[in-house]
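Hello,

Here is the structure I promised to pass on to you. Have a look at it first, and then read on for my notes.

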Amino acid sequence: MFGTRIGAVRPAAALSLATACVLALAACSSSGGSSSDGPSQAATGAQALAGQTITVYSGQHEQTVKALAADFEKRTGVKVDLRSGDEAELANQILQEGKASPADVFYAENPPALTVLEEQGLLAAVQPDTLKSVPAGDSSPKGDWVGVSARTAAFLAAEGKPADTAPPASVRDLAKPEWKGRLGIAPSETDFAPIVTRMIKTDGADATKQWLLGLKANAKSYDSNESLSAAINSGEVEGGVIDHYYFYRLRDEKTAAQTHAKLHYFTKTDPGALVDVSGAGVLKGGKHQQAAQAFLAYLDSAPAQTLIATSESYEYPLVAGVKGKAELPALDTVGQVASAADLGDGKEALQLLQDTGLLA
Amino acid sequence: MVSGLRAGHGRAEILSGVDLVVEDGALACVLGPSGCGKSTLLRVIAGFHPAAAGRVSLGERTLDDGRSRLPAERRRIGYVPQDGALFPHLTVAGNIGFGLPRGRRREKAAELLALVGLDGLGDRHPHQLSGGQQQRVALARALATEPELLLLDEPFAALDAALRTELRTEVAATLRRAGATAILVTHDQEEALSFADTIAVMRAGRIAQQAAPHELYHAPADAAVAGFLGEANLVPARLDGAKADTAFGSLPLTADAGTARRGVVLLRPRQLSLTADPLPGAVRARVTRSHFRGHDHRVELRPDPQDGLPGSLIAYTDGPWPHDDAYVRAQGLAHPLDESEDTPTAVGS
Amino acid sequence: MSTPHSARSADSPSPLPRWRAAGLLAPLAFAIVAVVASPLAFVVVQAGQAGWDQAQRLLGRPLIATLLWNTATLAAAVTAATAVLGFGAAYLVERTDLPGRRWWTVALVLPLAVPEFVRGYSWVSLFSSVRGYWGAVLVMTCSLYPLVFLPVAATLRRADTAAEEVSRSLGRGPLATLWRVTLPLTRPALAGGALLVSLYLLGEYGAFAMLRFTTFATAIFTQYKLGFDAASAAQLTLVLVALALLLVLLEAGCGRRGRVARRGAVGRRAAAAPLGRWKLPALAALAALVGTAVGVPLYALGYWLVVGSSTTLPSASVLSAALTTLGYAATAALVATAAAVPVALYGWRRGTRLARAAERAAYLTRALPGIAVALSVVHFAIRYAEPVYQQPPLLVAGYVILFFPLALTAVRAALAQVPPGVEEVARSLGTPPLGVLLRVTLPLVLPGLGAAAAMVALTAGTELTATLLLRPTGTQTLATQFWVYTSGLAYGAAAPYAALMTAMSVPPVLLLTRRTLGTNSRTEDSR
């Protein structure tokens, strides 16, 4: 039960070796090869890091991250101690731990959790090559964390209900009186605030406030996306805004026969059609900088992205050339990526949510 | 043994200079009303409560001098509290053997059970015993370690009257048989008088007087002590040398009073007798109350207005007094008391 | 104690007497209180960092008043409802001729075996209408009433019935006697149970979120979860601490006015009051209570086990998670109980104001949201106990801090049963303090210690928030596994963990019941 940590390699030597390792991984990802060619290439560069153990705090879907960690270990010999939890609780934990945090990597579900740590100066700059492997807008503008996967907000409707037969074209419509009593929302979830942030950018704070007030009048509040999807599936409410993957996870759990909900996407330019990234960053105080950077590089390599794309988490990969699940519509057809710069730390959205009474 | 002892709880001083000496092998009694500090005194001697000043010693050993204390477990002082405080999780034998080394418990427990008359009850648990039996076990338990001193804190208070008298006699006998030195704390003067070789009357954190029971009863230091030990008739008198001139005539004094002066003498109810005839030295009085108490009659009388007599007199008589009036006579030694401002006429409990 | 000096010091006072007389107990008790109350210090310091302006802004929001009102009215309603149900049920099983009283006693305590997140979820998933204020009152009452039932039943069982008989002889009917004699008799137990219930309600978040009812804790949670602002959260938490302080003082007042009736030398049980034509309604009421409190969660669990397509047969991971849970719960139970003994003992031996204040400070943490306590442990451990950070001892410490009040309550109740004076008598028989503790005090409170340990094990075994934050990296308990699956919507896969948690909670519940109510020889004799 007592985790062992092996002392860091001497800095100078380690840096060069790590660079080699990252390059190897980058080469591996740029080759766009399938997972079959990964191990042999990565193994040569990663030998210096082999035997190290990095600690990853993860707010992401645990089963997927576990698979990623196992694959990374196989390729590099770096052992991953995975600490799964709620991303907000983990971010709070790192804030309390400060520079002494045992975490080497923080892998979050949403940008704000990472941005908060970035603002506190707790994150180290991500290796440029890793940043380059995904579109610039998917990572921190300052370069302290990198995007890994994406999901899009969509409208989940109870099958056969008016919300299903005539789904809203825009998230803005949901504040209209005709939706009164038909909607569910989960405003306390970390996925909800980014939509509000986005709306503040596109429509302005006042219009967003009005929209939130309309939403508050129309919708029942749920504590989590899980409860919201269950409520929609059972017909308790007609529909609600939710990340696309909740639908697929719900279907996998309930089987298609028991699933009574359908997913509708907003028009691509709508603020509701928000593509939100999950990202990862390296903790500045971590004792295994090179191995941590290697893990980030791995996350944005083709093998890892393929793993993510094919896993039961139903997320979109970010690296060009890696295909998502066949049943998912292409990401660029259903939404637009909100740049991390736009999403910020979400404080403005929180303020509005509190002002309108959607949150306490 | 105890000298100049002071102790308190927080800022409240409870013992303000107590001096008490108990001879080896003696049964002493600390008598006082509730709240006078007698239990605290016992607890200081036992080592449960620190002394603020003064000194507690046992034989040659200093137990507490107000600065350093010997812990209770090293004092070799036994303790029997009011409710016995038996260990509810142990059998009777287990209770008695508690303070003994493992090997000696059995044999000694049997011996002590016999001593307190509870043979064969060693395997019972405390809740299966009556109140009196529980107290006997508590006593046996305290005696088992052969303490140099035994402290008994109103051990008979919770028992009914008959059992109380019986157990008291028994315990006194047991203690004498065991050759133990003991201090009993009580507020019951009858208990004190019948139990002890020496009695210390305690009042407001001090020892008012310490003496043998008979002496204390008949020659108390002041009116309050006199009253606390039993009913007393306080009769104004002119004291002169070995004699007191009272309304009952001239009576011999317990001690020489020196040069002539006015004072008060103590006459116990038993020293007054009633007659139908106006004999010399008899005072005429009206019976105001009379009741039967089993072993005697208690008669309360109001003397005919006469200088030099209190408003009421109390006499104990062997038989009932059949008349409304009586002539009261006094006999025996009168004990001179210092007259205080508000000397009660008849004091008693 | 039996040092070579003893021969010499037997003749003169020991050289270190004052220190030894005071003993190690006081410093030990205060050290323990300092540790378990450390989250309070953490919250105060953090709140200070945010500054006065921020506090005004936070607390000045109109919503805050609403939330305070929600919290206060919910706490009042649930506390009142648990008091009525707890007392009523205890009266029925201890004082009437209700059939199957033994069986009912156990059944009535069983809701404690249901993990709290299972409880909330089961209601919501089965009855979507159980929502809002009344939903919260219903669910919380059903889950928390055993906290009142147990101590009240224990008091009724131990109390001499003479006072109740006297009341009857004075011409008071059964109801008047119940109201004017029996109820006041149980007041300390009732007040103690109600305190635990209301403190729990102050800090609870998860269940209310599921029931779509917002309380003051919701506001605190928002600050943590969306604002990443521990300082603002701490300012809000201070409001809860103030409320908790009020409750603790209130309980102290009630507890003092009531007196635990001391068992007479020959205490006895009264003949059971005949229920007569009320027998059926009483049975129906208890059946309804147990059915709602235990039946609903069990049904939901069964449903997910059978229906969820992600259900897999219990695998090695279930087994290892179960063993891990067991290990941590048992260790936490032992440590928390051991820590509660000096504090309770100190308060019991010296009824000083300081001792009572120390005891009460320990209760305040119970009102803190779990995340605040866990972050406080993170904060202190990484600074002052880095070697154990994210090591098993840290998680144990977290549980001990969280559940210390539960252990303290049980140990205090046990000590209250110890006859006064036995410790002193033991000392006078030549037994040194440690010997007195081992041979007299501990054996006497042992049944109570069992109850304390069972209570802590029960709660620690199903704890989630602190477990996620404090566990050694990679450690999986049943609760964390349950969380992993439910947050991925895989309820079927999660169900075996919840079922196992519930099953594993049954033995501690039985132990708790037996230890709290006690089946000593005296009560057996008199039956």
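A definition to begin with: pLDDT is the predictor's confidence in each residue, on a scale from 0 to 100. You will want it at hand, since this is a predicted model.

**Confidence in chains A and B**

Let me start with chain A, where the mean pLDDT is 82 and 87% of the residues score at least 70. Which of its elements have the lowest and the highest mean pLDDT? Helix α1 (residues 11-30) of chain A has the lowest, 42, while strand β3 (residues 105-107) of chain A reaches the highest, 95. Residues 1-45 of chain A have a pLDDT that stays under 50, and for this stretch the model has 77 contacts beyond four places in sequence. Where pLDDT is low, the predicted coordinates should not be read in detail.

Chain B has an average pLDDT of 83, with 94% of the residues at 70 or above. Among its elements, strand β21 (residues 346-347) of chain B has the lowest mean confidence, 44, and helix α2 (residues 92-96) of chain B the highest, 90. In residues 340-349 of chain B the pLDDT stays under 50, and the model has 31 contacts beyond four places in sequence for them.

**The make-up of chain B**

Chain B contains eight helices and 21 strands. Along the principal axes, its C-alpha atoms fill a box of roughly 75 × 45 × 35 Å. Of the 349 residues in chain B, 44% are buried. If you take the contacts in chain B between residues at least 6 apart in sequence, 66% of them join residues at least 24 apart.

**What chain C touches**

Chain C is in contact with chain A through 44 residues, which meet 49 residues of chain A. Elements of chain C that each supply at least two residues to this side include α5 (62-95), α19 (370-384) and α24 (478-486). By class, this side of chain C has 23 nonpolar, 18 polar and three charged residues.

The contact between chains C and B takes 26 residues from chain C and 31 residues from chain B. On the chain C side, two or more residues come from each of α2 (17-22), α21 (422-428), α22 (433-460) and α26 (521-525). The largest share, six residues, belongs to α21(C). This side of chain C divides into 14 nonpolar, seven polar and five charged residues.

**A helix pair in chain C**

How do helices α6 (residues 101-109) and α25 (residues 491-517) of chain C cross? Their axes come within 9 Å and cross at roughly 120°, which makes α6(C) oblique to α25(C). The crossing is right-handed. From α6(C), the contact is made by Thr105(C), Val106(C) and Val109(C); from α25(C), by Val509(C), Leu510(C), Leu512(C), Thr513(C) and Leu517(C). These residues comprise six nonpolar, two polar and no charged ones.

**One residue in chain A**

Finally, please take a look at Asp345(A), in the loop between α15 (340-343) and α16 (347-355) of chain A. Is this residue buried or exposed? Asp345(A) has 21 other C-beta atoms within 10 Å, and 20 or more count as buried, so Asp345(A) is buried. Apart from neighbours within four places in sequence, Asp345(A) is in contact with Pro112(A), Thr115(A), Val116(A) and Glu119(A). The C-alpha atoms of Asp345(A) and Glu226(A) are separated by 24 Å, with the two residues 119 apart along the chain.

Best wishes

Notes: Residues numbered from 1 in each chain as written. Chains lettered and ligands numbered in written order. Predicted model: local features only at pLDDT ≥ 70, side-chain atom pairs only at ≥ 80, totals over all residues. Contact = placed C-beta atoms within 7 Å. Helix = DSSP H or I, 4+ residues; strand = E, 2+ residues; numbered from the N terminus. Nonpolar A, V, L, I, M, F, W, Y, C, P; charged D, E, K, R; others polar. Axes fitted to C-alpha atoms, helices over the stretch in contact; angles between N-to-C directions. Parallel < 35°, antiparallel > 145°, perpendicular 65-115°, else oblique. Left-handed = near helix turned anticlockwise from the far one by under 90°. Buried ≥ 20, exposed ≤ 12 C-beta atoms within 10 Å, placed from the backbone.
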